[in-house]
Amino acid sequence: MNNLKYVSIKSILYDITKYPFVENIQAEDIAIYLNTLLALVGSPFNFDKKYAEIEIKNNKGTLPCDIILINGTRYKFKDNDHYTALKYASDMFHSQYHISNSPDLSCESDDSYSVNNGIIYTSFTEGTLEISYQGIQLDEDNLPMIPDNESFKQALKYYILWQYA
């Protein structure tokens, strides 16, 4: 099904807006329907391994919007390029945010973090956190990309038309 090429969800927007009852649909609406469809049929995506720096202020920072799973985290010292790994302040309800072999689940560190609702909370007040994560492929407008596969695009198109009608 997946030829490993991806296109923006905007690629089906024109086809969908040809129908009069859907002419005002936005790309953000399509992203929501895409999410629902993927939950029903299973994800055809290969997630990208990504990295991001997160500024921590008052013990918290905002996670990237495309994050699926955390591979690992580290704290960047201010005056140099040295890093220290962070330990995940885990409990049985939050381990779903990490890959099963994440070093954050068992590392020895004085610094720790937790995750809740798109926010990362740290044991340190301010600084820079570097995160390695698996994320959704996004286009230049931060909208999800879909497999460049005609069958999948048609399925998404008709699912959206059915749901929007």
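Visitor: Which residue in strand 7 is the bridge partner of K87?

Guide: In general, strands of a sheet pair through backbone hydrogen bonds, either parallel or antiparallel. Here the bridge partner of K87 in strand 7 is S112. Strands and helices are DSSP runs numbered from the N terminus (strands E, at least two residues; helices H or I, at least four), and two strands pair if DSSP finds at least two bridges between them. Strand 6 and strand 7 (residues 112–116) run parallel and are joined by 2 bridges.

The model is a predicted one, in which local features need pLDDT of at least 70 and side-chain atom pairs count only at pLDDT 80 or more, while totals for chains, interfaces and linings use all residues. Residues are numbered from 1 along each chain as its sequence is written, and side-chain values use heavy atoms, with hydrogens and water left out.

Visitor: In what order do the 4 strands of the open sheet stand?

Guide: The order is 3-8-7-6, with mixed pairing. Strand 3 (60–62) and strand 6 (87–88) are at the edges; each has a single partner strand, so one side of each has no neighbour in the sheet.

Visitor: How many helices and strands does the protein chain have?

Guide: The chain has 3 helices and 10 strands. Read from the N terminus, the elements follow the pattern β-α-α-β-β-β-β-β-β-β-β-β-α.

Visitor: In which sense do strand 2 and strand 9 pair?

Guide: Strand 2 and strand 9 pair in the antiparallel sense, over 9 bridges; Y51, for instance, stands opposite S132 in strand 9. R74 has E130 as its bridge partner in strand 9.

Visitor: How many of the 9 residues of strand 9 are buried?

Guide: A residue is buried under 20% relative accessible area, exposed over 50% and partly exposed in between (1.4 Å probe, protein chains only). Strand 9 is mostly covered, with 8 of its 9 residues buried. Across the 165 residues of the chain, 40% count as buried.

Visitor: Which residues touch the most other members of the largest nonpolar core?

Guide: In soluble globular proteins, nonpolar side chains tend to be buried together. A nonpolar core is a set of buried Ala, Val, Leu, Ile, Met, Phe, Trp, Tyr and Cys residues joined through side-chain atoms within 4.5 Å. The largest core in this model holds 21 residues, and I16, I25, I30, I146 and I160 touch the most other members. Helix 1 (13–17), helix 2 (27–41) and helix 3 (150–164) each supply at least two of its residues, and helix 2 gives the most, with 7 residues. I30 touches I9, I12, L13, I16, I25 and I160, leaving aside residues up to four places away in sequence. Another core, of 15 residues, lies apart from it and includes L63, L86, Y88 and I131.

Visitor: What share of the contacts between residues at least 6 apart in sequence join residues at least 24 apart?

Guide: With a contact taken as heavy atoms within 4.5 Å, that share is 72% in this chain.

Visitor: Which side chains meet that of K10 in salt bridges?

Guide: Side chains of opposite charge can pair when their charged atoms come close. A salt bridge requires a side-chain nitrogen of Lys or Arg within 4 Å of a carboxyl oxygen of Asp or Glu, and the count by this rule is 9. K10 meets D139 at 3.7 Å, N to O. This pair links distant parts of the chain, 129 residues apart: D139 is in the loop between strand 9 and strand 10, and K10 in the loop between strand 1 (6–8) and helix 1. D139 counts as buried because its relative accessibility is 8%, whereas K10, at 29%, counts as partly exposed. D141 is partly exposed, with a relative accessible area of 46%.

Visitor: Which residue forms a salt bridge with K76?

Guide: K76 bridges to E53, with the closest N and O atoms 3.8 Å apart. K76 belongs to strand 4 (residues 67–76) and E53 to strand 2 (residues 48–56), so the pair ties together parts 23 residues apart in sequence. K76 is partly exposed at 21% relative accessibility, as is E53 at 48%. Elsewhere, salt bridges with shared partners join K10, D139, E140 and D141 into one network.

Visitor: Is Q137 buried or exposed?

Guide: Q137 counts as buried because its relative accessibility is 15%. Q137 lies in the loop between strand 9 (127–135) and strand 10 (145–147).
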